[in-house]
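Subject: Structure handover

Hi,

Here is the structure I promised to pass on. Have a look at it first, and then read on for what turned up.

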Amino acid sequence: RFAECQVAIASRSDEPAWARALLDTFETAPDADGATRKLSSVLAPACVRIHKGSKKTHFAEIREASGVPFDEMVFFDDDPANIRDVAPLGVVCQLTPDGVTAAAWEAALGAYAKARP
């Protein structure tokens with residue numbers, strides 16, 4: 001169902017090399033076969049934006065690299081300030097103070113469906 005989705009990272013970091021290395025340590029939730037994958041393996045490489053700067057800049061870079069318009073993006077973040085910065089771009093934003101939980105995921109997909117004509 002999500003086979004054609006591009007997964008991107010927008011991270012503000014003073015240590016981008018360290019942050020990129022972490023992408024090989026996080027695993028996805030198990031799929032239907034019980035297999036997990038490294039987070040780095042599900043990312044569109046051109047859409048990994050880890051550097052200092054605003055989330056608006058990160059998203060502009062992701063839009064440029066991916067060709068995906070803002071109104072077709074979903075953004076998960078635990079910082080309300082980042083949500084406030086990105087939402088005016090037309091990106092569907094989901095605040096995740098407890099991480100990207102199943103409930104947060106479902107809420108974001110519902111908001112995305114509602115926002116789409």
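Is D14 buried or exposed? D14 is exposed, because its relative accessible area is 60% and anything over 50% falls in that class. Bear in mind as you read that this is a predicted model.

D14 also has a charged partner. It forms a salt bridge with K52, where the closest N and O atoms sit 4.0 Å apart. The two come from distant parts of the chain, 38 residues apart: D14 belongs to the loop between β1 (7–11) and α1 (16–22), while K52 belongs to the loop between β2 (43–50) and α3 (55–66). K52 counts as exposed as well, with 58% relative accessibility.

Next, a pair in another setting. K55 and D77 join their side chains in a salt bridge, at 3.8 Å from N to O. K55 is in helix α3 and D77 is in strand β3, so this contact ties together parts 22 residues apart in sequence. Are these two buried or exposed? K55 is buried, and D77 is buried too.

Then there is D71, whose salt bridge with R116 has its closest N and O atoms 3.9 Å apart. Here again distant parts of the chain are linked, 45 residues apart: D71 lies in the loop between α3 and β3, and R116 in the segment after α5 (102–115). D71 counts as partly exposed at 43% relative accessibility, and R116 is also partly exposed, at 29%. E72 comes into this as well: D71, E72 and R116 form one network through salt bridges that share partners. In case you want the total for your own check, a search of the whole structure gives six salt bridges.

Back to β3, the strand that holds D77. How does β3 run relative to β4? They are parallel: β3 (residues 74–77) and β4 (residues 92–95) are joined by four bridges. Within that pairing, F76 is opposite Q94 of β4. Together with helix α4 (residues 80–86), the strands β3 and β4 make up a β-α-β unit, and that unit is right-handed. If you look along the strands, remember that side chains in a regular strand alternate between the two faces of the sheet.

That's the lot from me.

Cheers

Notes:
Residues are numbered from 1 along each chain as its sequence is written. This is a predicted model: local features need pLDDT of at least 70, side-chain atom pairs count only at pLDDT 80 or more; totals for chains, interfaces and linings use all residues. Side-chain values use heavy atoms; hydrogens and water are left out. Two strands pair if DSSP finds at least two bridges between them. A crossover is right-handed if, with the strands pointing away from the viewer, the path from the first strand over the helix to the second runs clockwise. Buried means under 20% relative accessible area, exposed over 50%, partly exposed in between (1.4 Å probe, protein chains only).
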